Every structure is written in C-alpha cells, then in structure tokens.
Amino acid sequence: MEKYTVPHKQGWGWSVPKFMKRNKTPDYRGQHVFGVPPLIHVQRTGQPLPQSIQQAMRYLRSQCLDQVGIFRKSGVKSRIQNLRQMNESSPDNVCYEGQSAYDVADLLKQYFRDLPEPIFTSKLTTTFLQIYQLLPKDQWLAAAQAATLLLPDENREVLQTLLYFLSDIASAEENQMTAGNLAVCLAPSIFHLNVSKKDSPSPRIKSKRSLVGRPGPRDLSENMAATQGLSHMISDCKKLFQVPQDMVLQLCGSYSAAELSPPGPALAELRQAQAAGVSLSLYMEESVQELLRDAAERFKGWMSVPGPQDTELACRKASDGHPLRVWKASTEVAAPPAVVLHRVLRERALWDEDLLRAQVLEALMPGVELYHYVTDSMAPHPCRDFVVLRMWRSDLPRGGCLLVSQSLDPEQPVPESGVRALMLTSQYLMEPCGLGRSRLTHICRADLRGRSPDWYNKVFGHLCAMEVAKIRDSFPTLQAAGPETKL
C-alpha cells in the first residue's frame, strides 16, 4: 500500500489506527441480537452470529433465491419491526416460515447496520476501503487476504458466513441480483457509510456527524471503494479465506502443528508399555494427582475473572511457557457426583447442543477408554474433531468423582470430520456439597486450531464456563416439597 500511496498527500498513513480508548465499557445485558458485537455473542453462546440471524440466512438461501430484487426492494416497515421484536424477545424461537423475503432481507441489513462497529472493525475499515481505492485490481485479493487475517477471529468468521451467503444469493440468476448489485445495496450497511448514530463508538461515524447535505469527494470515493470491495469479496469469497501457508507463518503469535502436539505417547506405545506390565491408568495418573492436589489447596494461585450464567471462572498460565492459558470453571449442580459423572461421560447429547456424534472407540480397561466426538461450528466453518483417552474414578472420599482426558494419536486412523483439534488438558471434578448437590469444576486447555491467542484469552474461558452451566441446566432444579412455613 505504501508503494501506491499518493506521495504529496499530507498526513496520510495506511497503517492500522490505534485502538480508541473508551471511557465506559458498554453494557449489553438488556440486548440479545441487535447492537451486540460478535465478541459478546460468542462469549454468550459459542457462536459469533446469533442463531436467529443464521436462521434468517438459511431461510433466504433455501426458499427465497428466486425473489427478484432481493436486498434491493424494501420490505414493509411494520412487519420488519415485528420480526425485530421477535428476535429480541425470543431469539431461540424465531420462525421465518411464510415471511416476506424482502422483510427478512431488510432485517439482515438492519442487523449489520446496528452493530456497534462495522464487521471490518473500526481499526480496519479504512484499511479495507483504501485497498480498493489505491491498489490495482490484480493485487486486491492478496491485500484483502492479508487484511482479513488482521481481523479478530469472531469478526472474520461472521464475514465469511456473510460472504458465502451473499455468494449463494448472487449465483441464483432468477433474482437478478449479481454480486455488484448486492454490493450496491449492502455496502453502506456493512461498512457503516453515511450513517449517523448518536452514541456510536465508531470513529468513522463520529467523523461524519458534522456532515450535512451532499456527500463530498471523499465520501463518494469511499462509497465507490466499498461497493467495488464488497462485490470483489462476494465474487472471490472462496479464495479470500484460503490463505497461503507462507503468509500464515508470518503471522504474529502464530504457531505450527509441531509446537503443540498430543501431550503424551501414541496409543501403540501405550499398548507396548501395557504388554510390559505397565497399567494404562498410570499414564493418566499425573493428571489425576494434579487435579486432586489443586482441589486440596482450594485452587490456590488461580486468577479469577467474571464468569457468565452464575459460574465462577479463573485462569492461570501453563508451566510449558506457551501462551495458551489453562481455564477453570465451576458451579453447583442439583445432582449427586455419580449422576453428574454419568451425565458428562455418557449423556453429552443432553447438554452439548453442538455435538454431531460421539462414540467409544475402544474400552481399554475398566475406567479407561478411547473416545471420539465431533462438534459443529457456525456454517460454513469446519467442525471440530476430538480423539481423546479418558479415565474416570468414582471412589474419591465423601463420594466424589473425577474424569480426566487428553488427546492422543490412535493406532488406526480415525476419519476426520473437519479439523482435528487438540485437547491438552480436560479435568472434571465432582464434589458433594450437601442436599444431593455437587460442585462441578472443569479445568480445560485446548488448541481448537485456527484460532489466535487473543481469541483464547477473550473467548475460550467463557466457553468452558458455558459448558458447566449447560451441564448444570440439564438437571431439573431441586425444590423443597410442601408449602413454605414460617420459622
């Protein structure tokens, strides 16, 4: 970009602007869909795009591709408002069946326009626009790939989902909406162009508040760049997210597969040790003793952070020096430890809504097994695939139970159903706490592949906390029988 900069342009720089410090952290507690940034949503639900918005995309893709002028023709304001209220009041139970395609399309435009900052972020929106303002066309793709890598993981995933969806819309000739036509209709909402919001944190919008009347040359240039850029990204969306390996290795904070590998020997080596008289359980015993030692010391040395959904969340640095932190989430469950252990071991489908399939590959010995499970991701992103060795005990003092697991290389290749993720540490401790209840503690450290260190610091701990909250909520709440009495 420096090569194509106009040399006499005073004070211009293409570098990423510094993050603007906000005086007050926004509070999104009363909002569920509109105006909630992807980071908050992925912390709440595990996916950066609300289910109701994903559902709207699925509805348009499956039933409305033949609607002429979709995203160009306006919907009915009152019906769009009703859809919006439905999204906010019950985001998990929105039904678009029978709705006008133009109403749902306008709803999607409103969602992206109402985000606190553009999906390209306040830092990088100008950079994306200047790619299409300054560079020759033959360099657009490489520059856009590089800029896309700078986006936060959750924003990049939303962008990919959106572009793949728009590509499907553009590929249907019946609707007469090419990539260029879609870009004309959607670029102002996605890039937050020519918008004025009273309390918007976006520096792009703040700089435009004083503008009135006709747009100036700069605004016209940005509008053209946004339209050209969005059209190009829709047309080349399959290539945009296929980043060359040499570019990945140049990323700050990246790591290769060799730096994080399964934490122990392969299953074939364990079998050889077992044949020599060494029990398989000894391989997991170090993890068991570490968990029991931490519990005996009441998890001393962990740094507490705010946890979601009435959970306690904490983290600490790992001893191997790698930036991936170890996370601990805990909550009380209305069931005894043995029942909670069985729920985690054998009934994952009851609490993990993202589970696609799970199976015990082999029972190696009592209390030790090889386990394979696959979890879904937001389309079109790949699934996560885990192969772990796990061991459990239900003979702890006072009726406590535990389950520890970690990835290993199986003897026979297990067909991958997406990206083979790496479970470095997973420990569950169920301790009785009276009245048929348990205290469930989950300690986890995983490499899900394709995530940045920043994502692990901001998001992964919340996912661990949500997991224990889902296990807790899969049990009915214990209530005392009979009427309340005065003491």
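The largest cavity in this predicted model has a volume of about 50 Å³, a cavity being a set of points on a 1 Å grid over the protein atoms alone where a 1.4 Å probe fits but cannot get out. Grid points are joined across faces, edges and corners, and the volume is the space filled by probe spheres set on the points. A search of the whole structure finds three cavities of 30 Å³ or more. The largest cavity is lined, with an atom within 4 Å of a point as the criterion, by Met 57, Phe 71, Leu 108, Lys 109, Phe 112, Leu 162, Phe 165, Leu 166, Leu 186 and Ile 190. At least two lining residues come from each of α4, α7 and α8 (179–191); helices are DSSP runs (H or I, at least four residues) numbered from the N terminus.

Met 57 belongs to the buried residues of α2, together with Ser 52, Ile 53, Gln 54, Ala 56, Tyr 59 and Leu 60, where buried denotes under 20% relative accessible area (1.4 Å probe, protein chains only). Helix α2 (residues 51–63) comprises 13 residues and reaches 18 Å from its first C-alpha to its last, close to the 18 Å expected at 1.5 Å a residue, the expected span being 1.5 Å times one less than the number of residues. Its buried residues pack against α3 (77–89), α4 (101–113) and α7 (153–171).

Leu 60 is in contact (heavy atoms within 4.5 Å) with Leu 65, Ile 70, Phe 71, Ala 101, Val 104, Ala 105, Leu 108 and Phe 165, leaving aside neighbours within four places in sequence. In the largest nonpolar core, of 63 residues, Leu 60, Ile 70, Phe 71, Leu 163, Phe 165, Phe 191 and Leu 230 touch the most other members; such a core is a set of buried Ala, Val, Leu, Ile, Met, Phe, Trp, Tyr and Cys residues joined through side-chain atoms within 4.5 Å. Another core, of 40 residues, lies apart from it and includes Ala 329, Trp 455, Cys 464 and Phe 475.

His 462 is found in helix α16 (residues 453–473) and counts as buried because its relative accessibility is 19%.

The mean pLDDT (the predictor's confidence in each residue, from 0 to 100) of the protein chain is 85, with 86% of residues reaching 70 or more. Over residues 197–201 the pLDDT is below 50, and over residues 253–258 pLDDT stays under 50.

Residues are numbered from 1 along each chain as its sequence is written, and side-chain values use heavy atoms, with hydrogens and water left out. Local features need pLDDT of at least 70 and side-chain atom pairs count only at pLDDT 80 or more, whereas totals for chains, interfaces and linings use all residues.

Notes. Buried < 20%, exposed > 50% of the residue type's maximum accessible area, 1.4 Å probe, protein only. 1 Å grid on protein atoms, 1.4 Å probe; cavity = no way out; pocket = protein on both sides within 12 Å on 5 of 7 lines; lining within 4 Å.
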